[in-house]
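Morning, everyone. Here is the structure for today, so please have a look at it on the screen.

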Amino acid sequence: MPYRKYVLLVSVLVVSLLLLTLQIPGQAAWGPGEFVSWFTIPAQVLVTKAHRSALGLWSTYRSWQELRAENRALHTEAERLRVESLQAAEIREENSRLRRLLALKERLPLETLSGEVIGKEWGGWVRSLTVNRGRNDGVGRLTAVIVPGGLVGRVVTVRANAAVIQLLNDPASSVGAVVQRTRAQGLVEGAPGGGVRFKFLARASAGVQVGDLIVTSGVGGLFPRGLPVGRVSAVEDRVSGLFGYAGLAPVVDFSRVEEVLLLVSQSAADLGAHFASR
């Protein structure tokens with residue numbers, strides 16, 4: 001068709017003018033570049049914001065992961081230090097007990113044998129202990145057993161490599177004792193319920209006071225003289241009775257005894273001066 005040539009010519013002229021417009025500085029505000037930018041810039045802003053937000057979230061997530069890992073590491077470290085601290089405290093306490101036991105062993109003027117508690121009989125309270133020393137170590141029946149605080153009890157059963165100790169609070173236990181201050185004599189007996197009491201002649205009751213230290217009398221030769229047994233915690237008023245009674249607080253906490261000394265020889269000396277509870 002003949003007019004198609006004119007249409008093509010006009011189209012080329014229009015495109016040429018548009019291209020010229022793009023190359024001319026200071027062209028109109030709504031040129032083709034600005035028209036395209038009007039759509040692309042907001043999209044670029046949104047993309048930039050989304051990118052920055054994503055980076056922020058990722059950075060926060062990484063920081064949270066690092067803090068969580070650090071927290072776990074600190075918790076593990078704290079637990080390790082706590083266990084080490086407990087172990088160190090246990091070792092210090094054991095060393096302290098062993099040093100005091102060794103010091104007492106060296107002070108005493110008689111032969112002793114150290115033993116470790118390997119068993120306890122509980123019946124609401126500790127009534128007997130088993131130690132890792134027995135017949136093969138020269139331990140005999142009725143051997144007195146002590147710790148740095150004082151008297152623990154005596155051996156009632158001996159096996160080849162172990163011995164059972166009857167504690168002072170056993171109701172079947174009876175030990176000759178005196179009031180250290182007045183020398184009033186009596187017996188220390190185990191009481192029902194795990195307590196310990198001092199039984200003495202009633203006429204001597206006026207001389208027994210709360211706080212008095214009760215020590216072994218040495219009568220009978222089973223226990224050396226002067227071993228601390230307990231302190232008077234209460235005095236029973238039985239004016240009409242033949243015997244008086246006083247409650248005792250043992251100088252030894254039987255539930256915490258872990259090492260002992262067994263007195264495998266005898267001594268007629270008063271051993272009270274070798275104990276700190278005097």
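Let me start with Trp64. Trp64 is partly exposed, because its relative accessibility is 46%. By the cut-offs used here, buried means under 20% relative accessible area, exposed means over 50%, and partly exposed is in between, with a 1.4 Å probe and protein chains only. Before going on, a caution: this is a predicted model, local features need pLDDT of at least 70, side-chain atom pairs count only at pLDDT 80 or more, and totals for chains, interfaces and linings use all residues. Numbering runs from 1 along each chain as its sequence is written, and side-chain values use heavy atoms, with hydrogens and water left out.

Back to Trp64. Its place is helix α2, residues 32–107. Helices here are DSSP runs of H or I, at least four residues, and strands are runs of E, at least two, numbered from the N terminus. Together with Trp58 and Tyr61, Trp64 makes a nonpolar surface patch with about 370 Å² of accessible area. A patch takes residues with over 30% relative accessible area and no salt bridge; like charges are joined within 9 Å, and nonpolar side chains (Val, Leu, Ile, Met, Phe, Trp, Tyr) within 5 Å. Areas come from the Shrake-Rupley method with a 1.4 Å probe, and for residues only the protein chains shown count as cover.

Now the overall layout. The chain has two helices and 12 strands. In sequence order, the pattern is α-α-β-β-β-β-β-β-β-β-β-β-β-β. Of its 278 residues, 31% count as buried.

What sits in the largest nonpolar core? It has 47 residues, and Ile146, Val152, Ile165, Val188, Phe198 and Val260 have the most contacts inside it. Such a core is a set of buried Ala, Val, Leu, Ile, Met, Phe, Trp, Tyr and Cys residues joined through side-chain atoms within 4.5 Å. Take Ile165. Leaving aside neighbours within four places in sequence, its contacts include Arg127, Val152 and Val260. Contact means heavy atoms within 4.5 Å.

Next, the strands. β6 (174–179) runs antiparallel to β9 (213–216), with three bridges joining them. Ala177 has Thr216 as its bridge partner in β9. β9 also pairs with β10 (228–235), again antiparallel and over three bridges. There, Ile214 partners Gly230. Strands count as paired if DSSP finds at least two bridges between them.

On to charges. How many salt bridges are there? The count is nine. The rule asks for a side-chain nitrogen of Lys or Arg within 4 Å of a carboxyl oxygen of Asp or Glu. Arg80 and Glu77 meet at 2.4 Å, N to O. Both lie in helix α2, three residues apart, about one turn of the helix. Glu84 joins Glu77 and Arg80 in a network of salt bridges.

Arg97 and Glu258 form another bridge, with the closest N and O atoms 3.3 Å apart. This pair links distant parts of the chain, 161 residues apart: Arg97 is in helix α2, Glu258 in the loop between β11 and β12. Arg97 is buried, at 12% relative accessibility, whereas Glu258 is partly exposed at 34%.

Most residues other than glycine have a negative phi. Leu142 has a positive phi, near 70 degrees. Leu142 lies in the loop between β2 and β3. Arg183 has a positive phi too, near 65 degrees, in the loop between β6 and β7.
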